[in-house]
Amino acid sequence: MLYSPLWKRLLILALCAWGIVASLPNLFYTEVEAHNDAAIAIAANAGVATTEQTADLAKWPSFMPSALVNLGLDLRGGAHLLAEVQVADVYAQRIDSLWPDVRDALRDARDQVGAVRRMPSVPGVLRVSIGNADGMATAVAAVQALATPVVSLTGVGQKDLEVTTEGQEIVVQLSEPERVATDTRTMQQSLEIIRRRVDAVGTREPTIQREGTDRILIQVPGLGSAAELKAIIGTTAKLTFNTVVGRTTNPAADPGPRNSLLASSDEKDVYYIVADEPVVSGEELTDAQPSFDQNSRPAVSFKFNVSGARKFGEYTSANIGQPFAIVLDDKVISAPTIQSAIQGGSGIITGNFTLEESTNLAVLLRAGALPAKMNFLEERTIGPELGQDSIDAGKTAAIIGMVAVSLFMLASYGLFGLFANIALVINMALIFAVLSSIGGTLTLPGIAGIVLTIGMAVDANVLVYERIREELRIHKTTARAIEIGYERAMSAIIDANITTLITAAVLFFLGAGPVRGFAVALGIGIVTSVFTALLVTRLIIEVWFNWRKPSEIVV
Amino acid sequence: MAWRLRLAPEKTSIDFFRHQWITFGGSMLLMLAAFLFWGTEGLNYGIDFKGGTTLRTDSTQPIDVGAYRQAMEGQPVGDVVITEVFDPSFRADQHVAMIRLSSVEADQAVSENELSAVKAALLKLDPAIKFVSEETVGPKVSGELVYTSILAMAVTSIGIMLYIWMRFEWQFALGGVLALLHDVFITVGIFAFFQIKFDLTIVAALLTILGYSINDTVVVFDRLRENLVKYKTMPLRDVMNLSVNETLSRTLMTSITTLIAVGSMMVFGGDVIRGFSFAIFMGVLLGTYSSVYVAKNIVLMIGLDRSEKPKNGKPSDHEFANIDA
C-alpha cells in the first residue's frame, strides 16, 4: 500500500503552504510596495506617521509576509554604470608628495651626495639625480630610511618603498605589497564615497559593489539616466585652496616649476598660474552647505576642522591683499582677494553657480573627494516604460505558456495530468516565495527562465508517469506500479537535473546582471520542480489512491 | 480505457541506426555548414561583444528608416545601423526603432556629446520620440565579455562531462558532450545564417541549451545503463535501440511541453527577449534530435567494455559489472 509517514506529509504540506503564503505579496506588488515604503518611512521617523503613510500601511495586512521579489533594472528602469577606478593615480600622488621628504633627507647628507635634482619621469616613479656618484650608498640608505612597513594582512614585514639605482639616479616607487594595500584602500574609499553621494540624492535601493580588482558596479533603479548618475559620481570633487602666482589669458603660458596653469571655470580665456602645493585641501572640511552670498547669489558655505582652520588662518593673515585660488577638479572656481585674516575656519565659496550647482557641490564636498579618477566602461539606461512593457509581455507569455502546458498534460495523462498541474502551480508559488525571501532579483531573462521551468518542470512528472505506464503493462498491481514508477524514474530525474544545475551555477558565477538573474531563476526552478514533481505529486496521488482505492488506474 | 493524447504508440521498435548515414551524417554536415557560415558570414555581434552604443526609440509617429538615416548624416558618429522593431505586443501607435552607433574614433566608446547630437537630430525629425533605453559598452569590457562567454561554455561542458563520467562511463561523457556541442554550434550557425543579433543573453541561451540537451541525453543514457545490466548478451546496438524506443514517449512529451512554454515566450514575450527565446527554442529542437540520433551513435562508435572478467586480478571497475539496480 502507498503510504508515507505522517511527519513527511506534514513537512511537504507545510512547505507548500509557506510557498503560497510567501509568494502572495508579489500578486499585489504595488500595494505591498506602498506598505513597505510606508513602514520604512514611519520607522525612520521614530514611529510618527502621516495620514498618507497610515493609509499606505493599511494596504497590506502586517501579519502577512511582505517580502517582494526585487525587479531588475531591465524591468524597473534605471541607470547602470560600470566604472574603473584609476588606482594608479594614487601611486603618483603618493610619490609626488614624497619628493619634499626625499629632498630634505638628501640635503642633510649633502656633503656626501652632492647636489640633488628631481628628474622627469613617468607618473608614479620618482627619479632623483645626485651630484656625487660615490655617495650613492649613503643616498639610497637615506631614502630607504623614509620607508615604513606596509599596513596590510599580506604585506607584513615589507617596506612600502622600493629604492633602486640607475647610474647617477635613484629610482623610488611603491613596492608591490604597498601597491596592493593602496589599491584596496582606494577601492574602499571610492565605494564609500560613491555610496554617500548616491544616498544623498535619495534614490531607493541602489546597488554599489566592487567587481574584480579595480571596478565598481553602480545600479540605481528609478534614476532618469546614466548620464545623470555619472554627473553625481563621476566628478572627483577634489577641492584645494592654492596660492595664486599669476593671472594670464595665454593658454600656452609657462607656469614655471611646481606651478600649474589652470583654467577658470566661469571666466572665458582666463588662466591662473597656481602653486601645486595646496594651502588646505577639501579633506579638512567638516561641513559644506548650500547658501547665498551678500548679493543673494547661490554659494557654498564650508567649515574646516581644527588643523585646517589653523593652516587657513595662518595663511590668510600672512597674505592679506593677495588673491588665492579655490580649485575644484583642476579648475579655478574663484580667486578672491584676501581682505582680512580668516580665523575660525569657516568661509564661503562664490562662483557663477546656479542653485542646483551649489547644492550638488555641497553634496560632493560633504561626501568627500574620490581618491582617484574613474573611467566608465559600461553605461546603460533603461526607461521605466520599456521595463513595464517587458513585465507585461513576460506575464502574458508565462500565463499562456502555463495554460497551454497544463492543457497538454491534462490531455496526455488525464487525472494524473491534473495532479502534475497542481504541482506546477505550487512550483510557481515556491519559485516566487524563494526569490522573495532571499531578496533575489527578477530580470527579463529571469522571467524567461521561469517560463522555461514551466516546460521543464513537468518533465520529472512525465518521466514518472511514463515509467508507471510501463510497469502497468507488465502487470504489476496498481500500487506497486506507482511505487516502482517513482523509484525507477528517480535516477534519471536526479542526473538530468544536476546537469542543468551545473549550467545554472556556471551562469551565476560567470554571468553578470540580467544573465545572473536568469541563472538564479533557473536554479531555484530546478530545485523546486524536483520537489514538487517528486514529493508533492506523490503525496497527492497517495491521498487520492487511499481514498478511492482504485482496482485499476489509467495513467 | 480513457482517451489519452499519445505522441508515440505504446510500443515502438524503430531502428534508430537504420538511416544513420542520413541522420548522423546529416548532423555532421549541418555542423560543418554552421562552421562555414560562422567563418564566412560572421556573427552579427551586439554591443556587448563589439562595443558601441544602442538607442531604443519609441514614438507615436510611424518610423521612416530612410529619414532617420538621413538625420544621422553629418552627425559626429561612426557607423550607424537603424532597424525598425515590430512586435505583436506593441500598441497600435507604438513605433520602435533600434539604433546602433559606433564612435568616430576607433576603439573608443561613443561620447556624451556624440550621443546628445544624435538624440537632438532625431528629436528634430520627430519631436514625439522617447529614448526608452540607452546602452554603451566600452571596448575594454566587450573584449572581456567574449573571453568570459567562451570560458563559461568550456567550464559548463567540462562540468557536465565530469558529472556524466562519474555517474556513467567516459564513453557516455564524451558522446553526451559532443552531442551538446552539436546543438550549440548549429544554433550559432543559424544565428550566423540569419544574421540575428548575437549578444550576452544569447550566450546565456546557449548555456541553457547545454543544460536542457544534456537533460534529454541523460534520460536515454539512464535507460541504457539499466538495460545494459538487464540484457547482458544483447548486442550494444540493439540495447541502444531498445532504450531509445522505451524512452521515446517521454522524450517527445518533454520536448513538446518545453517547446510550448518557450514558444509562448518567443511569440508573446516581447522583442527584447526574442533572440534569447529563439535560441532556446532551436536548442530544444536540436537537443531532442541529438539525444536520439547523435549522442548514442558516438557511444556506439567508441564502443563499451561490457566484460565482467576481472582485470589483472582486480575486480572490474566499470559501471555495468557490479551495478545494483
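How many bridges join β7(A) to strand β8 (residues 215-221) of chain A? Five bridges join the two strands, which run antiparallel. The tour begins there, after a few conventions.

The model is predicted: local features need pLDDT of at least 70, side-chain atom pairs count only at pLDDT 80 or more, and totals for chains, interfaces and linings use all residues. Residues are numbered from 1 along each chain as its sequence is written, while chains are lettered from A and ligands numbered from 1 in the order in which they are written. Helices (H or I, at least four residues) and strands (E, at least two) are DSSP runs, numbered from the N terminus. Two strands pair if DSSP finds at least two bridges between them.

**Stop 1**

Select A:Gln209 and A:Leu217. A:Gln209 stands opposite A:Leu217, a residue of β8(A). Now extend the selection to the whole sheet. Eight strands form this open sheet, in the order β7(A)-β8(A)-β2(A)-β18(A)-β5(B)-β2(B)-β4(B)-β3(B), with antiparallel pairing. At its edges are β7 (207-211) of chain A and β3 (80-85) of chain B, each of which pairs on one side only. On average, neighbouring strands of the sheet are turned by 15° against each other, direction ignored. Angles run from 0 to 180 degrees between N-to-C directions, and axes are lines fitted to C-alpha atoms, for helices over the stretch in contact.

Strands of a sheet pair through backbone hydrogen bonds, either parallel or antiparallel. To see where one chain meets the other within the sheet, select β18(A) and β5(B), which pair in the antiparallel sense over five bridges. Here A:Ile382 has B:Ser133 of β5(B) as its bridge partner.

**Stop 2: the helix across the sheet and the contact**

Next, select helix α12 (residues 384-437) of chain A. Helix α12 lies across β18 (374-382) of chain A together with β2 (52-59) and β5 (130-137) of chain B, and runs at about 95° to β5(B).

Then show the contact of the two chains. Two residues are in contact if their C-beta atoms, placed from the backbone, lie within 7 Å. Chain B gives 60 residues to the contact, and chain A gives 60 residues. On the side of chain B that touches chain A, the elements giving two or more residues are β2, β5, α5 (139-167), α7 (200-230), α8 (236-268) and α9 (274-293) of chain B. By class, this side of chain B has 30 nonpolar, 19 polar and eleven charged residues. Ala, Val, Leu, Ile, Met, Phe, Trp, Tyr, Cys and Pro count as nonpolar, Asp, Glu, Lys and Arg as charged, and the others, Gly among them, as polar.

**Stop 3**

Select strand β13 (residues 285-292) and strand β14 (residues 298-304) of chain A. Seven bridges join β13(A) to β14(A), and the two run antiparallel. A:Gln289 stands opposite A:Ser301 in β14(A).

β14(A) is mostly covered, as five of its seven residues are buried.

Most residues other than glycine have a negative phi, and most peptide bonds are trans.

**Stop 4**

Select helix α13 (residues 444-473) of chain A. Its 30 residues reach 44 Å from first C-alpha to last, close to the 44 Å expected at 1.5 Å a residue. The expected span is 1.5 Å times one less than the number of residues. Of the 30 residues of α13(A), 29 are buried, so the helix is largely enclosed by the rest of the structure. After α13(A) comes A:His475, with a positive phi near 55°.

Finally, select helix α6 (residues 170-194) of chain B, whose end C-alpha atoms are 36 Å apart, in agreement with the 36 Å that its 25 residues should span. B:Gln195 follows α6(B), with a positive phi near 55°. B:Gln195 counts as exposed because it has 12 C-beta neighbours inside 10 Å.

Methods: Buried ≥ 20, exposed ≤ 12 C-beta atoms within 10 Å, placed from the backbone.
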